[in-house]
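Work through the exercises below with the sequence and the structure at hand, and try each task before reading its solution.

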Amino acid sequence: MIFSTIGSRHLHIDGARNKFIVFGIVLVWRLMGLRTRFHYVRDFVAGSQRQTLPEQYEQHTPGERREELNFFTTTALRSRTSAVRLI
């Protein structure tokens with residue numbers, strides 16, 4: 001699997017509310033030939049890193065008063081250069 005290969009580069013888009021905007025981005029990227037997947041989040045288990053690095057995870061995960069991660073995408077990237085061009 002390209003998405004779980006050690007050393008591979010990938011990009012996530014996390015979302016909580018309007019999945020149709022993200023669906024549109026995924027569609028365009030697929031038309032560009034990128035390998036992209038859309039995932040729904042059913043539940044999660046908070047790891048110790050959230051207590052060790054609270055500032056990082058407050059900025060990293062969607063939600064205003066509490067975490068609201070309902071879906072995310074994973075897009076495989078060939079290189080750092082391709083990631084910069086994509087963004």
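The expected span of a helix is 1.5 Å times one less than its number of residues. The model used in these exercises is a predicted one.

**Exercise 1.** Find out how the span of helix α1 compares with the span expected at 1.5 Å a residue.

*Solution.* Begin with the limits of helix α1, which takes in residues 19–31 and so has 13 residues by the count given for it. Next, follow the helix from its first C-alpha to its last, a reach of 18 Å, which is close to the 18 Å expected. Finally, look at the two ends: at the start of α1, a side-chain oxygen of Asn18 comes to within 3.1 Å of the backbone nitrogen of Phe20, while Gly33, with a positive phi near 95°, follows the helix.

**Exercise 2.** Decide which residues of α1 are buried, and explain how they are arranged around the helix axis.

*Solution.* Taking buried to mean under 20% relative accessible area, one finds Val22, Val26 and Trp29. Viewed down the axis of α1, these buried residues fall within an arc of 65°, and therefore they line one face of the helix. An α-helix has 3.6 residues a turn, so residues three or four places apart point the same way. On the other side of α1, Phe20, Ile21, Leu27 and Leu31 are exposed.

How values were computed:
Residues numbered from 1 in each chain as written. Predicted model: local features only at pLDDT ≥ 70, side-chain atom pairs only at ≥ 80, totals over all residues. Heavy atoms only, no water. Helix = DSSP H or I, 4+ residues; strand = E, 2+ residues; numbered from the N terminus. Buried < 20%, exposed > 50% of the residue type's maximum accessible area, 1.4 Å probe, protein only. Arc of directions from axis to C-beta. Polar contact = N/O pair within 3.5 Å; in protein donor to acceptor, adjacent residues only side chain to side chain.
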